[in-house]
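Dear colleague,

Please find below the structure I wished to pass on to you. My notes on it follow directly after.

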Amino acid sequence: MAEAIARRNAPDVIEASSAGVATLGFVAEMTKRVLADNRYSSAGLKSKPILPGSWDAADVVINMSGRSRQQVFREYGKVEDWVVQDPYGSALPVYQGICEEIESRVEALAERLRKRLRAMGAEAAERKED
């Protein structure tokens, strides 16, 4: 869900690519349904493991595995833990609630990234004036 939400709601600051610690090998039908109900595309979404190349290319890794980053990831500095319930096997209202929670978290992350970019731009402008 997070990948689809970030792709639509924050493409200016997030190049989303989802991968998992323990993958299902498919995107659950309820996930596709709740995404469609909320006007998100599930096209191109895949259940895939985190690969070293993906890890190395990422600026930020959002951990929604349910385990702390210290338990799962080798490089903690770029990992942000989001405690989000795994809806797999739950009813549609649970999926919808989790979708809304992820929307809120993606928006907060995007705003932090936008602020960081603005600050970097202001710093660059100041250096150019010097």
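**Surface patch and findings**

Leu24, Phe26 and Tyr88 make a nonpolar surface patch of about 310 Å². Patches here consist of residues with over 30% relative accessible area and no salt bridge, with like charges joined within 9 Å and nonpolar side chains (Val, Leu, Ile, Met, Phe, Trp, Tyr) within 5 Å. Accessible areas come from the Shrake-Rupley method with a 1.4 Å probe, and for residues only the protein chains shown count as cover. Tyr88 is found in the loop between strand E2 (79-81) and helix H5 (92-129). With a relative accessible area of 47%, Tyr88 is partly exposed; buried means under 20%, exposed over 50%, and partly exposed in between (1.4 Å probe, protein chains only).

Please note that this is a predicted model, in which local features need pLDDT of at least 70 and side-chain atom pairs count only at pLDDT 80 or more, while totals for chains, interfaces and linings use all residues. Residues are numbered from 1 along each chain as its sequence is written, and side-chain values use heavy atoms, with hydrogens and water left out.

The chain has five helices and two strands, arranged along the sequence as α-α-α-β-α-β-α. Helices (H or I, at least four residues) and strands (E, at least two) are DSSP runs, numbered from the N terminus. The C-alpha trace spans about 60 × 35 × 25 Å along its principal axes. Of the 130 residues, 28% count as buried.

The whole structure holds 10 salt bridges, each being a side-chain nitrogen of Lys or Arg within 4 Å of a carboxyl oxygen of Asp or Glu. One of them joins Arg7 and Glu3 at 2.4 Å, N to O. These two residues are four apart in helix H1 (residues 2-9), about one helical turn. Glu3 is buried, at 5% relative accessible area, whereas Arg7 is partly exposed, at 41%.

In helix H5, Glu111 and Arg114 lie three residues apart, about one turn, and their salt bridge has its closest N and O atoms 3.9 Å apart. Shared partners join Asp12, Glu107, Glu111, Arg114 and Arg118 into one network of salt bridges. Within it, Glu107 also pairs with Arg114, at 3.4 Å between the closest N and O atoms. Arg114 is buried, at 17% relative accessibility.

Finally, the charged end of Arg8 sits over the ring of Tyr40, 3.8 Å from its centre. The rule requires NZ of Lys or CZ of Arg within 6 Å of the ring centre and within 35 degrees of the ring normal.

With kind regards
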